[in-house]
Every structure is written in C-alpha cells, then in structure tokens.
Amino acid sequence: MTNEKMNASNTLKEKLIQYIKEMGNENIILKRNDYLIKEGFIEDNMYIVQNGTLRIFVRNESEEITLRLGYKGSWMTSFPSFLNNQPSLFNIQALKQCTLLKIMKKDFYTFIESSKENQILWTKMLEEFAIQQLERELDISIRTPLERYNRLLKRSPWVFQEIPNKYLASYLRMRPETLSRLKKR
C-alpha cells in the first residue's frame, strides 16, 4: 500500500471523525461477543473503531470463517449491504469491548459529496480496499500457512496478543494446531 493511499484513507477518516463529532453522534459501545451487524439484515451505517477488536465472519454448515479483523482506526460495515442496500451476507462481532463512531448512510454521503477532495479521498480509499482484498485472496489461494503467518506477523504483530488464536487461525485459513506450531517455531 502506498503512502499516498494510506494518507488518503487516514485523511478521509480524520475529516469524517471530525464531521461525526460535530453532528453530535453518540459512540456505540459493544461488549465482548455483541454483534454490530448480523447476517440477513440491511446495514445503513458506517462505523470507525475507536478502540477494541472485531471480526467479520460467515458461517457454513460446520464452522465459522473469519474474513477480516477490525481494530482501532478500522472502517467497519457490511460494505455490500451498505453500498447496495441488500441483506448482509456476514456478521460483525466484538472480540473485546469496543467503542465505535457511527454515521448513517445518508449523512456519510452528504459528507462525501460536500467537497471534491472528499470524493477523491473516498475513491482512493475504495481503491485501497480493492487492493487489500486482492492481496487477501492471493494469501489464501497461493501462499502456504507459514507464508500467511509470517506476512501477518510482519504486517500486524500486535494481533497475536489482541485476538484469540481460534479466530486468527480461521483468518489465516489454518487449523488452530497449525497456528500453535508456527508460533512455537
């Protein structure tokens, strides 16, 4: 990820946080295991994590699969639901107590459309998300468990203290025993 794109996301986030605070929106507090979003419901809010950790996951017949992790500074919503007004295909759940800033979809778009700079920053942020998603697909598709583990360790070493192993293992698409073995190396 380039510094320009990282700066675009951070700049947009900082401006949006200021806008949300000026609107007087209250923080959302989630306790551990509370759901922010449940599968099947339409999400019309965007959130910015102020503190705590969350996971985005789906369920299949036999397991829960962690798709993404959220932590301080993360944008959180069911993007397909938020953007397309369709029921969410996944859940977002607090792994620790979380504080989030919330903005409704109509207010979010009012903010984005309020200036050309905000529109450009939003476009750059969406590009960043697209690149992150492609990198994630490559991780899952072609990298070995050791390569996925090392990549996460290099990118976000603190997650190994913040997030329980069973969710990290699911995120890394490996069994918890494999993750434990890799951590002991």
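**Briefing: a predicted protein chain, from T99 to the overall fold**

T99 counts as buried, because its relative accessibility is 12% and the cut-off for buried is under 20%. The model described here is predicted. T99 sits in strand β8, which covers residues 98-104. The chain as a whole holds eight helices and eight strands.

**Helix α5**
- Helix α5 runs over residues 145-155, and R148, Y149 and L152 are buried in it.
- These buried residues line one face of the helix, because they fall within an arc of 100° when seen down the axis of α5.
- In general, an α-helix has 3.6 residues a turn, so residues three or four places apart point the same way.
- The cover over the buried residues of α5 includes α4 (116-142) and α6 (159-162).
- Helices α7 (165-171) and α8 (176-184) are also among the elements that cover the buried residues of α5.

**T123 in helix α4**
- T123 belongs to helix α4.
- The relative accessible area of T123 is 41%, so T123 is partly exposed; that class lies between the limits of 20% and 50%.
- Between T123 and R68 there are 21 Å in space, C-alpha to C-alpha, and the two residues are 55 apart in sequence.

**Size and packing of the chain**
- The protein chain has a radius of gyration of 17 Å, which agrees with a compact globule, because a globule of 185 residues would have a value near 16 Å.
- The C-alpha trace spans about 50 × 35 × 30 Å along its principal axes.
- Of the 185 residues in the chain, 41% are buried.
- Taking contacts between residues at least 6 apart in sequence, 73% join residues at least 24 apart.

**Surface and charge**
- The chain carries 30 positive and 22 negative charges.
- The mean positions of the positive and the negative charges are 6 Å apart.

Notes: Residues are numbered from 1 along each chain as its sequence is written. This is a predicted model: local features need pLDDT of at least 70, side-chain atom pairs count only at pLDDT 80 or more; totals for chains, interfaces and linings use all residues. Side-chain values use heavy atoms; hydrogens and water are left out. Helices (H or I, at least four residues) and strands (E, at least two) are DSSP runs, numbered from the N terminus. The radius of gyration is taken over C-alpha atoms; the globule rule is 2.2 Å times the number of residues to the power 0.38. Buried means under 20% relative accessible area, exposed over 50%, partly exposed in between (1.4 Å probe, protein chains only). Contact means heavy atoms within 4.5 Å. Lys and Arg count as positive and Asp and Glu as negative; His and the chain ends are not counted. The place of a charge is taken as NZ of Lys, CZ of Arg, CG of Asp or CD of Glu. The arc is that of the directions from the helix axis to the C-beta atoms.
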